[in-house]
Amino acid sequence: MKKIVALSAFIGLACGSSAQECGTAYHWEKKYGANWKSLIEGQVIHAANADFGSERATVTIPVVVHIIHAGDESNISYDQVLSAIQMLNEDYSRTNADTINTRNTPTAPFLPQAADMDIEFKLAKLDPWGECTNGVERRLSPTATVNADDGVKHYGSGGLNAWNNSKYMNIWVVESIESSGSGGTILGYAYLPYWGIDSDFGILIRHDAFGTSGTASGDRTLSHEMGHSLGLLHTFEEGCHTSACDSNGDYVCDTPPEAEAT
């Protein structure tokens with residue numbers, strides 16, 4: 001189980017301040033209603049306590065990046081896309097440079113839990129129609145790329161349709177993300193898999209929070225949102241009600257519940 005839950009140690013830390021944030025919970029409530037957590041609570045608890053065994057083969061996840069741009073810097077380079085995939089692989093294999101900062105104190109005993117997730121991300125080589133691809137598709141859509149939401153995941157509303165979500169991890173890269181009522185600038189958001197893998201499943205992220213080169217700042221928003229796509233809640237979800245790690249936060253006891261994002 002340790003390898004499955006290792007990422008939750010930084011999931012709580014990846015969200016920024018109220019000025020810049022992960023918009024996942026905001027968009028979950030927007031799509032599924034204020035009681036969204038009660039709709040999936042049983043599934044989350046079951047997943048958190050499942051025994052996946054200690055040994056298994058590395059899972060390779062094909063990725064497709066849909067770039068919705070305005071013909072300017074938002075039309076990011078292929079090299080920037082590659083840097084984002086490299087970031088994911090570093091973080092999920094625990095080869096990122098800052099692993100030396102993993103805490104191991106009585107109140108933050110994270111080091112013994114941290115591990116390679118045995119997950120590898122690769123840009124898709126074949127598209128859904130069996131044609132060769134470099135894993136990236138682009139669309140000039142100046143209106144759709146600004147204040148984007150789930151509409152950008154559909155061609156009819158100015159975006160690009162998801163490739164088969166049972167075979168690809170879809171990522172949409174845009175200029176900015178709709179954030180009215182969220183309390184800050186949203187850098188990215190993703191849906192949990194517990195609601196089912198529909199056409200909106202995947203990651204929506206700003207181009208300046210995607211990767212480590214070009215327009216990107218190098219922050220780990222993408223790794224954070226991928227954690228949600230793979231089933232992790234925030235460690236601070238709905239605040240810290242009690243100290244019980246199996247009924248608060250992300251329901252996984254490798255990290256304690258947190259009162260708020262840091």
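D198 is partly exposed, with a relative accessible area of 31% (buried means under 20% relative accessible area, exposed over 50%, partly exposed in between, with a 1.4 Å probe and protein chains only). This is a predicted model, where local features need pLDDT of at least 70 and side-chain atom pairs count only at pLDDT 80 or more, while totals for chains, interfaces and linings use all residues. Residues are numbered from 1 along each chain as its sequence is written, and side-chain values use heavy atoms, leaving out hydrogens and water.

So what does D198 pair with? Its side chain meets that of K31 in a salt bridge, at 3.3 Å from N to O (a side-chain nitrogen of Lys or Arg within 4 Å of a carboxyl oxygen of Asp or Glu). K31 sits in helix 3 (residues 24-32) and D198 in the loop between strand 8 (185-190) and strand 9, so the pair ties together parts that are 167 residues apart in sequence. Helices (H or I, at least four residues) and strands (E, at least two) are DSSP runs, numbered from the N terminus. K31 is partly exposed too, with a relative accessible area of 31%, and a network of salt bridges links K31, D198 and D200.

The whole structure has 7 salt bridges. Another one joins E90 and R220, at 3.8 Å from N to O. E90 belongs to helix 5 and R220 to the loop between strand 9 and helix 6 (221-229), so this pair bridges parts 130 residues apart in sequence. R220 also meets D91, at 2.9 Å from N to O; D91 is in helix 5 as well, 129 residues from R220. D91 is buried, with a relative accessible area of 10%, whereas E90 is partly exposed at 24%.

Strand 7 runs parallel to strand 2 (residues 59-69), joined by 5 bridges, and parallel to strand 9 (residues 203-206), joined by 4; strands pair if DSSP finds at least two bridges between them. W172 is the bridge partner of H66, and V174 stands opposite R206.
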